[in-house]
Amino acid sequence: MKKLLKKPLISYVIGLFILIAGAGGVLSLIVTDVIILFAVLLFIYFVLIFLLLQIADQYIKPIEQTIKVVAKLTNGNYRARIHHQSIGVIGQLNNNINRLARSLNKLSIHQTIQADQLTTVIDNMESGIVLIDEKGYIHLVNRKFIQTFGNNHKHYLGHLYYDCIDNVKVHKTVQDTFLYEQKIKQSFIHKNNGEKYYLQIVGAPIFNENKTLKGSVLVIHDITEIKNLEVMRKDFVANVSHELKTPITSIVGFSETLIDGAKDEQESLDHFLEIIYEESKRMQVLIDDLLVLSNLEHDEHKIQASEVNMDEVLAEVEPMINHLANKRELHFAVEMEERLFLMADKEKLKQLLINLLANAVNYTPKDGKVTLIVDDQGEYIRIKVEDTGIGIDQQQIKRLFERFYRVDKARSRNTGGTGLGLAIVKHIVEAHRGSITVDSELNQGTIFTIYLPKKQ
Ligand SMILES: Nc1ncnc2c1ncn2[C@@H]1O[C@H](COP(=O)(O)OP(=O)(O)OP(=O)(O)O)[C@@H](O)[C@H]1O
Ligand SMILES: [Mg+2]
């Protein structure tokens, strides 16, 4: 009953009933006919009930619905709206609440978009990011950090940095950032899943408006590529020096012997001069190759492309390779489709063919066969250089295009090789936006396949 009375409409109906019953009691003293009295009272009662329902429909129901919608809005459901049509003050109130709900909805969508954008930016940064509060708990880690340090978000979020990050250099950076309250920078090597990373970490303190320390943010840059380039540069200088050292030592040695008296013996004079000449030529080849490589690296995307007829290129390359092949007693064959044209740098294309064919000839024993196959592959021209030579071990293939890399140093040197030929080939292919692959089997032979686009 108490529950029922809490509903305003029902309590009004009961109240009305009591009121009419009271009025009936008073009227019965004046009106003597009981039936008329009862009919009049009943009529008044229903009229009042009807009026009450009208009032309830216009005022109480809208307010109840408004309360429900406001409760939904308070709970964060900004799509809730009041649909009940009302007039007067309640109508105005409902319109304003709906307008407020629409604004809140827009604001919340805007906020969600902004938060998404921020997360996307942080997650797609090339540097790892970690946010740590003043007690040492982690509040944010991005994808790059997880990639470098392993595990997943759950492993880090809400945990103390020294419990979940397995790297003392990182711990030290955080501690120093808190201790000195200033930016701390460090470089270190980190290993994860067999991968070795060179990392640079920057820890920066975060202060609130009262200048009290609130935590720190760590930014971790992956400098592996830069470090590798540095190592490559050092290797390159060491290699060049080493390559130059041998002919120079030889030239100096033989010149000294000549000066010391050997020049007076005709036979020694001829022999030593011949050696000095050969070694000088060797240095010249090396320096020419280095210059070609350096030019290609500088103008990687600037080739002098013009329409090239493959027949013309072959006409210039074939005699040279024929001569080499004859000298080494090998068969050289060409299988080329007629009228093949492409946009390319003719001189570089010639150099590419010479380098590959010279290798095939140099690394194929007597009586072997070297074949050049050129055909049309739609948008590409395919160039294949096949030989029946010594082949290359699978392990070595991935290093083949490195500068100065030679599988068999002694053998390559004997053929006058500098180890730059394939590095030049690779640069030429890349400058033409083409691709190169190697297939090889030890003592069976090697196939270099190149695809060059017809249009640049
Ligand atoms: N067709 C081939 N068959 C077997 N080994 C090859 C072949 N082509 C290249 N190689 C190996 O790859 C190495 C690198 O070749 P690259 O042409 O770069 O240098 P190179 O021939 O030694 O000297 P150069 O700079 O004078 O060409 C060679 O030393 C050789 O060991
Ligand atoms: Mg070579």
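**Cavity, pockets, a hairpin and a helix**

Modeller: The largest cavity has a volume of about 40 Å³. The model in which it lies is a predicted one.

Colleague: Which residues line the largest cavity, and which elements give two or more of them?

Modeller: The lining is made of Glu243, Pro247, Arg282, Met283, Leu286 and Thr418. Helices α9 (224-259) and α10 (266-298) are the elements that give two or more residues. The largest share, three residues, comes from α10.

Colleague: What is the volume of the largest pocket, and which residues are the closest to its centre?

Modeller: The largest pocket holds about 1,100 Å³ of space. Its lining has 43 residues, of which Asn355, Ala358, Asn359, Asn362 and Gly417 are the closest to the centre. Among the elements that give two or more residues to this lining are α11 (310-327), β10 (380-387) and β12 (445-453). Helix α12 provides the largest share, eight residues. By class, the lining has 21 nonpolar, 15 polar and seven charged residues.

Colleague: What is the make-up of the second largest pocket by residue class?

Modeller: The volume of the second largest pocket is about 510 Å³. Of its 18 lining residues, Met232, Phe401, Glu402, Arg403 and Phe404 are the closest to the centre. Eight residues of the lining are nonpolar, two are polar and eight are charged. Helices α9 and α15 each supply at least two residues, and the largest share, six residues, comes from α9.

Colleague: What makes you say that strand β1 is mostly covered?

Modeller: A residue is buried if its relative accessible area is under 20%. Five of the six residues of β1 (residues 128-133) are buried, so the strand is mostly covered.

Colleague: How do you know with which strands β1 pairs?

Modeller: Two strands pair if DSSP finds at least two bridges between them. β1 and β5 (residues 213-222) have six bridges, and β1 and β2 (residues 138-141) have three, so both count as pairs. Each pairing is antiparallel. Leu131 stands opposite Val217 in β5 and opposite Leu140 in β2. β1 and β2 form a hairpin with four residues between them, and Gly136 in the turn has a positive phi of about 100°.

Colleague: How do you know whether the span of helix α4 agrees with its number of residues?

Modeller: Helix α4 (residues 88-123) has 36 residues, and at 1.5 Å a residue they should span 52 Å. The end C-alpha atoms are 52 Å apart, so the two values agree.

Colleague: Which residues of α4 are buried, and against what do they pack?

Modeller: The buried residues include Ile90, Gly91, Asn94, Ile97 and Asn98. Further along α4, Ile122 and Asp123 are also buried. The buried residues of α4 pack against α3 (34-74), β2 and α5 (143-149).

Notes: Residues numbered from 1 in each chain as written. Chains lettered and ligands numbered in written order. Predicted model: local features only at pLDDT ≥ 70, side-chain atom pairs only at ≥ 80, totals over all residues. Heavy atoms only, no water. Buried < 20%, exposed > 50% of the residue type's maximum accessible area, 1.4 Å probe, protein only. 1 Å grid on protein atoms, 1.4 Å probe; cavity = no way out; pocket = protein on both sides within 12 Å on 5 of 7 lines; lining within 4 Å. Points joined across faces, edges and corners; volume = space filled by probe spheres on them. Nonpolar A, V, L, I, M, F, W, Y, C, P; charged D, E, K, R; others polar. Expected span 1.5 Å × (residues − 1). Contact = heavy atoms within 4.5 Å.
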